[in-house]
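Please look over the sequence and the structure below before reading on. The paragraphs after them go through the structure step by step.

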Amino acid sequence: MRVARQWQQLKLSQWNGFSHEAKDITPDDLTLFCPACLQPGINVTLPIEDDQQETNSTSDLETPSWIYSRLLVMDGNFKADAANPIDEVSLMDGCGFMVGDSKYKAHLAQVKDAVQRSECNNHRTVNQANASCHRLEATGIGGCACARHGCFVLHATADFQKGERQMNMDYALCEALKHNASSIRHALTFYDVNCQYHKYLKDRVADNPFLDIEEQLEIIRG
């Protein structure tokens with residue numbers, strides 16, 4: 001099993017241009033994001049000076065702003081639990097779809113753990129956010145994917161230590177909004193607990209040095 005994992009890591013390094021040059025592998029370097037999603041400077045050129053309501057050259061209609069928006073779906077998976085490893089060695093720490101371990105744990109240590117209760121409905125995701133399982137390093141995973149095509153965003157999937165807590169999804173969302181999203185001013189998110197999750201999102205981001213969302217970026221609840 002270990003040899004197979006090492007072989008897979010070597011092949012990923014080769015496929016992504018790290019086989020013949022001595023250069024450092026940075027987060028999300030060993031995977032590819034959805035080629036059809038909006039990525040400024042790669043597959044689309046955004047209007048100058050945020051003039052995203054420019055007039056269509058072939059008609060008098062304005063180009064709608066949603067064309068230049070990032071669409072994300074957020075969710076968790078409680079089937080992907082993992083036992084506490086004794087001698088586990090990470091080969092791709094933060095270089096693929098999962099977030100980097102050290103910075104993520106520093107973020108979790110910064111956040112004050114609070115009991116979450118659903119205020120609008122008896123929702124399982126919220127009410128089980130504080131559930132814990134002994135002898136498990138991770139009780140599940142949560143992350144972000146493009147809502148158009150279902151491709152996971154690079155470096156935007158995180159482990160759960162208890163249930164599906166806001167602190168876990170906050171980190172995943174902030175990392176997802178960093179990936180090839182410069183100059184994008186609108187992000188539409190779909191999440192089954194959006195009604196409660198977004199209530200104090202800006203406050204949680206402002207209070208944590210490990211979280212960051214551009215001030216110009218407007219997050220719209222889907």
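Residues are numbered from 1 along each chain as its sequence is written, and side-chain values use heavy atoms, with hydrogens and water left out.

The pLDDT is the predictor's confidence in each residue, from 0 to 100. Its average over the chain is 80, and 79% of the residues score at least 70. Confidence is highest in α4, at 93, and lowest in helix α3 (residues 124-127), at a mean of 56. Where pLDDT is low, the predicted coordinates should not be read in detail. Helices (H or I, at least four residues) and strands (E, at least two) are DSSP runs, numbered from the N terminus.

A nonpolar core is a set of buried Ala, Val, Leu, Ile, Met, Phe, Trp, Tyr and Cys residues joined through side-chain atoms within 4.5 Å; buried means under 20% relative accessible area (1.4 Å probe, protein chains only). The largest such core has 37 residues, and Y197 is among those with the most contacts inside it. Helix α4 gives the largest share, seven residues. Contact means heavy atoms within 4.5 Å. Leaving out residues up to four places away in sequence, Y197 touches M74, Q166, M169, D170, L173, Y191 and R204.

V99 lies in the loop between β2 (82-83) and α2. V99 is buried because its relative accessible area is 8%. D28 is 71 residues from V99 in sequence, yet their C-alpha atoms are 8.7 Å apart in space.

Note on methods: Buried < 20%, exposed > 50% of the residue type's maximum accessible area, 1.4 Å probe, protein only.
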